[in-house]
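Please open the model in your viewer and keep the selection tool at hand. We will go from the whole chain to single residues, one stop at a time.

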Amino acid sequence: MMENILKKEHAILTGMGSSWTRALSWLKTSQIDPTLRTLKAAIAQRHITPFYQPFINAETGQVAGIEVLARWRHPIYGYVSPDVFIPMAEKHDLIVPLTHLLIQQVIADLEHQIHLFPVGTYICINISAQNCLDPNFEIDTCELLQKFTANQSHVVMEITERHPLHFTPQLSNWFAALRRSNISVALDDFGTGYSNLSYISALNPEFIKIDKMFVSQIGVSDDTRLVDSLITLAKNMHLKIIAEGVETQAQADYLRAKQIDFLQGFYFCKPMPVEALLKMIVA
């Protein structure tokens with residue numbers, strides 16, 4: 001019977017063609033859940049790899065840093081959306097091994113190439129609440145710092161908002177240890193999820209990342225009060241600002257006029273594998 005079910009699943013998935021996201025949605029409602037097993041196997045077999053999206057200094061136009069993004073290329077169905085597999089990894093306690101895998105691959109990709117990057121390049125890693133409770137995470141981040149010392153790179157942990165952070169004394173001590181290790185904190189997608197002003201007080205971040213939802217209104221709507229308010233808030237609290245999702249020159253010009261620190265988005269470059277990143281850096 002199990003064999004027949006698997007054959008049925010394969011037939012349905014094949015019929016869906018490249019629509020792997022829809023395939024995953026179907027599998028999550030089926031009686032068995034091979035997607036979870038597939039995700040575990042993808043992590044174990046290193047099929048999930050880092051892509052890199054540079055962001056630029058808004059004043060100079062030079063590359064200031066790179067954000068590390070997880071990309072999963074399934075051997076049959078092609079690229080799986082992070083919007084599908086990241087929440088699944090968090091739900092099933094796989095985000096810790098996934099983050100460990102990505103950090104190790106970032107080290108392998110860049111430790112012998114970091115001298116090509118501008119001195120002081122920011123390297124941004126996305127983490128979730130589960131990473132904050134992982135005792136091995138400090139080991140990974142320390143190794144990351146040690147490998148990139150020669151470049152004086154700054155490691156930045158981007159706190160995602162898919163799940164709320166509960167500020168226990170243990171968690172507060174964890175973030176204090178990050179700061180003592182010269183690791184910076186960024187609030188990602190600020191204003192769209194669970195984050196609020198108490199996060200700024202508790203985490204003492206160096207950066208706020210303005211979500212693309214707010215940036216997308218620039219040049220489309222005359223009402224830019226939300227993005228303007230976020231910029232004013234960040235400046236009043238002496239926080240550096242990264243604007244995400246910049247896709248047009250009008251958006252870039254508007255944000256530069258507001259004296260944003262950093263700009264990131266498809267207008268400048270899309271996420272890319274390490275080979276393409278290195279070609280861009282040395283060009």
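Here is a short tour, with what to select at each stop.

**Before you start**

This is a predicted model, in which local features need pLDDT of at least 70 and side-chain atom pairs count only at pLDDT 80 or more, while totals for chains, interfaces and linings use all residues. Residues are numbered from 1 along each chain as its sequence is written, and side-chain values use heavy atoms, with hydrogens and water left out.

**Stop 1: the whole chain**

The protein chain has 13 helices and nine strands (DSSP runs numbered from the N terminus: H or I of at least four residues for helices, E of at least two for strands). Of its 283 residues, 47% are buried; buried means under 20% relative accessible area, exposed over 50%, and partly exposed in between, with a 1.4 Å probe and protein chains only. Now try a surface: the chain exposes about 14,300 Å², and carbon and sulfur atoms supply 53% of that (Shrake-Rupley method, 1.4 Å probe, with only the protein chains shown counting as cover for residues). Among contacts (heavy atoms within 4.5 Å) between residues at least 6 apart in sequence, 65% join residues at least 24 apart.

**Stop 2: helix α13**

Select residues 274-282, which form α13. Which residues of this helix are buried? They are Val274, Leu277, Leu278 and Ile281. These four sit on the same side of α13, because they cover an arc of only 95° around the axis (taken from the directions from the helix axis to the C-beta atoms). On the other side of α13, Glu275 and Lys279 are exposed.

**Stop 3: the largest pocket**

Of its 37 lining residues, Glu67, Leu69, Pro82, Asp83 and Asp188 are the closest to its centre. On a 1 Å grid over the protein atoms alone, a pocket is an open set of points with protein on both sides within 12 Å along at least five of seven lines, a cavity is a set where a 1.4 Å probe fits but cannot get out, and lining residues have an atom within 4 Å of a point. Points are joined across faces, edges and corners, and a volume is the space filled by probe spheres set on them.

**Stop 4: the largest cavity**

There are two cavities of 30 Å³ or more, and the largest holds about 60 Å³ of space. Select Glu138, Thr141, Trp174, Ala177, Leu178, Ser181 and Ile183 to show its lining. Helix α8 (169-180) gives the largest share, three residues. Then centre on Thr141, in helix α7: this residue is buried, at 2% relative accessibility. Beyond its neighbours within four places in sequence, Thr141 is in contact with Met157 and Ile183.

**Stop 5: two loop residues**

Finish with Asp93, in the loop between α4 and α5. Asp93 is not a glycine, yet its phi is positive, about 60°, and the residue is exposed at 56% relative accessibility. Then move to Gln152, in the loop between α7 and β5 (154-159). Gln152 also has a positive phi, near 55°, and its relative accessibility of 53% counts as exposed.
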